[in-house]
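Subject: Structure for you to look at

Hello,

Here is the structure we talked about, with its sequence. Please open it first and keep it beside you while you read the notes below.

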Amino acid sequence: MTIHPNSIEARDKAYHLHSYTNARALERDGALVIERGEGIHVYDNAGKQYIEGMAGLWSVGVGFGESRLVEAAAKQMAKLPYYHTFTARTHSPSVELAEKLIEIAPVPMSKAYFTNSGSEANDTAMKIVWYRSNALGKPDKKKIISRTKGYHGVTIASASLTGLPNNHRSFDLPIARVLHTSCPHYRAFKTEGETEAQFVERCAKDLEDLILKQGPDTVAAFIGEPVMGAGGVIVPPAGYWEAIQKVLKKYDVLFIADEVICGFGRTGEMFGATTYALQPDMMTLSKQISSSYQPISALLINENVYQPLADESAKIGTFGHGVTAAGHPVAAAVALENIRIIEERDLVGNVRSLSPKFLARLKSIADHPLVIEYRGVGLIGAFELVPREGFAAGQLGPKLFGYLMEEGVISRAIGDSIAFCPPMIITDEQVDDMFDKVERGLEKFA
Ligand code: PLP
């Protein structure tokens, strides 16, 4: 890419530190400037069109350029651009959104608590778990278990919960009280001759062994994504969640479902919890809650969590937690309108009806000699490349990603897996268009 002095690319290099980017590579190569979006497409500043096969960061469910969301934001901006929810203040958008989330929650929930990102929602979940244990007079019951390859965010607490090395390395993480158990990726982690059912049994046993080793009186909660996203789209094997939940119940360990990616239709149900018959005590939501038109996240808690929290706050005099923009009226108004759109246009139904084609196209890519496996559910999926001589693990994915960009498809390279999570408004023809381009890119890469 030629970078002109004073161009947006040059100024980006000069002033902007990017998330999840090799800073030295950026100094050399610059960043891609995306200028606008429409439907499932985005356009760079040279006018090139891309299918946003990742819906941004697994998040723009209703697609780009949705005027109803723009109008909802403008209307709320004009009426009340900001107010907070500290010290017993409130406003209609946050109340209406809380009510809506409790109404559509897949299991009975009591209260919605608002934050601005998935990381903060998970951070808050962890603090509430500790607060609750103190309220219940169990000060030692504080450890939280997550999984290798799980992704829960980047704050000190949520990055600790995340089970990916790059989120820990050089950050001096994870913190104490966070433990990791096994990842449910059967193909990658099965032992010689182990059946899927045996693998599931072993995952549940690993969890139980960890709880027993630590002492059940010290383990407060478990957090997991119904389907792991950033870890590589790891779809749990049959029976996995049933077996895990049995262990959690047995040892009185709270279950936090991280629905930041799965929530609002991605798996073909409104929540991943429904797809996998989960019974969480707490749920964290973000991304497709507002299709990322505004930064907002929510934590739902059930009575079992709320009652001790309320008692403790009465004892102390306050629930001493909250961020300035929690339940921001503009973000809440946009989220509400976004959920209305998802419901009115039956986007969850669209995910369900297009899923067979989406998965069939991934399956047919998996027949390619360079591909070892495909994984997916609803409209989230990935295929993984066969290791190739001369390439270290994790080098092939980014290389193929580049070929797909040339074809006009934005995917995500996760190690040697290529992930897809297109806007839920995608049509049958557009699914074909996306995978036709992917196949062309794969042929050139081969
Ligand atoms: N949880 C999951 C499952 C996620 O995928 C993400 C982000 O990708 C997060 C939490 C963190 O959300 P955020 O990036 O908004 O902090």
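The chain is divided into domain 1 (32-62 + 346-445) and domain 2 (70-344); these bounds come from an automatic or database domain assignment. This is a predicted model, in which local features need pLDDT of at least 70 and side-chain atom pairs count only at pLDDT 80 or more, while totals for chains, interfaces and linings use all residues. Residues are numbered from 1 along each chain as its sequence is written.

Between the C-alpha centres of domain 1 and domain 2 there are 26 Å. Their contact takes 26 residues from domain 1 and 24 residues from domain 2; two residues are in contact if their C-beta atoms, placed from the backbone, lie within 7 Å. On the domain 1 side, at least two residues each come from helix H3 (55-58), helix H14 (347-366), strand S11 (371-377), strand S12 (380-385) and strand S15 (417-420). Helices (H or I, at least four residues) and strands (E, at least two) are DSSP runs, numbered from the N terminus. H14 gives the most to this side, with 5 residues. By class, the side of domain 1 that touches domain 2 has 14 nonpolar, 9 polar and 3 charged residues. Here Ala, Val, Leu, Ile, Met, Phe, Trp, Tyr, Cys and Pro count as nonpolar, Asp, Glu, Lys and Arg as charged, and the others, Gly among them, as polar.

Next, the ligand. Its shell holds 15 residues, of which Ser117, Gly118, Ser119, Gly153 and Val260 come nearest; a residue is near a molecule if its C-beta atom, placed from the backbone, lies within 6 Å of it. Helix H6 (residues 118-135) supplies the largest share of this shell, 3 residues. The shell divides into 5 nonpolar, 8 polar and 2 charged residues.

Now the strands. S11 and S12 run antiparallel and are joined by 6 bridges; two strands pair if DSSP finds at least two bridges between them. Gly376 stands opposite Gly381 in S12. The hairpin of S11 and S12 has 2 residues between the strands, and Gly378 takes a positive phi there, near 55°. Why is S11 largely enclosed by the rest of the structure? Because 5 of its 7 residues are buried. A residue is buried if 20 or more other C-beta atoms lie within 10 Å of its own, exposed if 12 or fewer, and partly exposed in between, with C-beta atoms placed from the backbone.

Strand S5 (residues 143-147) and strand S6 (residues 178-181) run parallel, with 4 bridges joining them. Arg147 has Thr181 in S6 as its bridge partner. From S5 the chain crosses through helix H7 (residues 156-161) to S6, and this β-α-β crossover is right-handed: with the strands pointing away from the viewer, the path from the first strand over the helix to the second runs clockwise. The loop between H7 and S6 contains Pro174. The peptide bond from Leu173 to Pro174 is cis, with omega near 5°.

Helix H10 (residues 240-250) has these buried residues: Tyr240, Trp241, Ala243, Ile244, Gln245, Val247 and Leu248. Their cover includes helix H9 (196-214), strand S7 (219-224) and strand S8 (254-258).

Most residues other than glycine have a negative phi, and most peptide bonds are trans. Two further residues with a positive phi follow.

- Tyr20 has a phi of about 45° and lies in the loop between helix H1 (8-15) and helix H2 (23-29). Tyr20 counts as exposed because it has 9 C-beta neighbours inside 10 Å.
- Phe264 has a phi of about 70° and is found in the loop between S8 and helix H11 (272-275). Phe264 counts as buried because it has 30 C-beta neighbours inside 10 Å.

Leaving aside neighbours within four places in sequence, Arg412 is in contact with Met54 and Ala419. Arg412 and Gly56 are 356 residues apart in sequence, yet their C-alpha atoms are 9.8 Å apart in space. Arg340, in helix H13 (residues 329-344), has 13 C-beta neighbours inside 10 Å and so counts as partly exposed.

Regards
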